Amino acid sequence: MKTRQFTLRFNLQDEDIEAWLESQPDRGAYIKRLILADKARRLAGEEFHPLNAHDAAWEKRYAMVLDFREKFGRNPYYYEEFRGVKLGRWLEVHAKRDADRPERMEKLARIGALDKWERFYTALKAFCEKFSRLPRKDEFLGDIPVGAWLQRQRAAMRKGELPVEQREKLFSLGVTPSDWEKKLALVAAFLEEQGRLPKLEDTYCGVNVGRWLYAQRKVLSLTPNEEYLAKLRSLGAIPFVRQKNQRKKKIYKKTAVQK
């Protein structure tokens with residue numbers, strides 16, 4: 001029966017204990033005692049780290065991340081594979097999982113894998129490159145809630161709480177302080193491309209810009225917002241209900257003259 005190789009680093013000396021484990025009636029109990037001893041030494045402030053196959057695999061994956069960075073100049077995105085390994089997912093998982101391993105956290109910090117904002121931004125950028133759009137509020141990339149995070153960043157942009165560098169990075173992905181601004185930009189792009197404002201059934205970049213514009217005309221005529229109204233007027237879009245009222249007045253004047 002083949003046995004699993006198990007190497008232990010104890011007091012900075014490597015000792016192969018495979019043969020010893022084979023002779024023990026309960027190898028699992030022995031390994032459990034090693035884990036408990038490891039925890040006791042950690043609590044006492046002593047340096048004691050078992051080096052097994054998992055540690056060797058971690059070092060191998062970390063070396064692959066360094067190779068990836070040397071080749072592409074950045075950390076891998078969440079969904080990216082490199083040499084047949086889901087390297088982006090591995091990096092995201094261990095940035096959370098290895099919080100109690102300071103030697104690993106130090107290595108991850110060197111490559112910027114522990115910067116939470118940067119990690120979410122990298123995931124958002126990966127989402128945009130994969131789907132050619134920004135995520136909705138409830139959407140994820142893997143197990144990363146990029147949609148909810150984006151909503152929080154937009155709120156911070158509106159309040160002026162984001163640093164300039166972070167704001168510029170979001171602008172580069174087409175992120176505006178609110179979804180309203182984004183859809184207005186799509187209406188402007190439609191107008192420039194088609195030479196007219198969108199009709200009710202018109203869509204652009206997967207968004208029903210015609211229906212959105214109709215709704216904004218109606219809402220802003222009932223509850224005016226001067227900032228939004230000015231932006232609509234700059235595109236030649238007059239609030240819908242107000243425009244109807246003007247037409248009714250003209251019709252009434254004409255009928256009055258005929259009488």
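A: Buried means under 20% relative accessible area, exposed means over 50%, and partly exposed lies in between (1.4 Å probe, protein chains only). By that cut-off, 35% of the 259 residues of the protein count as buried. The model is predicted: local features need pLDDT of at least 70, side-chain atom pairs count only at pLDDT 80 or more, and totals for chains, interfaces and linings use all residues. Residues are numbered from 1 along each chain as its sequence is written, and side-chain values use heavy atoms, with hydrogens and water left out.

The protein has 12 helices and two strands (DSSP runs numbered from the N terminus; helices are H or I with at least four residues, strands E with at least two). From the N terminus, the order is β-β-α-α-α-α-α-α-α-α-α-α-α-α.

Now the core itself (a set of buried Ala, Val, Leu, Ile, Met, Phe, Trp, Tyr and Cys residues joined through side-chain atoms within 4.5 Å). It holds 22 residues, and Leu124, Leu141, Trp149, Leu170 and Val175 touch the most other members. Helices α6 (116-131) and α7 (146-159) each supply at least two of its residues. The most come from α6, which gives eight. Apart from this core lies another, of 16 residues, including Leu184, Leu186, Leu220 and Leu235. In soluble globular proteins, nonpolar side chains tend to be buried together.

Beyond its neighbours within four places in sequence, Trp149 is in contact (heavy atoms within 4.5 Å) with Trp117, Phe120, Tyr121, Leu124 and Leu170. Ring pairs link Trp149 with Trp117, Phe120 and Tyr121 into a cluster.

The structure holds 12 aromatic pairs (rings of Phe, Tyr and Trp, the last by its six-membered ring, with centres within 6.5 Å; planes under 30 degrees apart are stacked, over 60 edge-to-face, the rest tilted). Trp117 and Tyr121 form a stacked pair, 5.4 Å centre to centre with 10 degrees between the planes. They sit four residues apart in α6, about one turn of the helix. An edge-to-face pair joins Phe190 and Tyr204, at 6.1 Å and 90 degrees. Phe190 is in α9 (179-194) and Tyr204 in the loop between α9 and α10 (209-222), so this pair ties together parts 14 residues apart in sequence. Phe190 is buried at 4% relative accessible area, and Tyr204 is buried at 18%.

Back to α7, which carries Trp149. Its buried residues are Val146, Gly147, Trp149, Leu150, Gln153, Arg154, Ala156 and Met157. The cover over them includes α6, α8 (164-172) and α9. With 14 residues, α7 reaches 20 Å from first C-alpha to last, close to the 20 Å expected at 1.5 Å a residue (1.5 Å times one less than the number of residues). Gly160 follows α7, with a positive phi near 75 degrees.

A word on confidence. The average pLDDT (the predictor's confidence in each residue, from 0 to 100) is 77, and 72% of the residues score at least 70. Over residues 1-18 pLDDT stays under 50, although the model has 32 contacts there beyond four places in sequence. It also stays under 50 over residues 242-246, with four such contacts. Where pLDDT is low, the predicted coordinates should not be read in detail.
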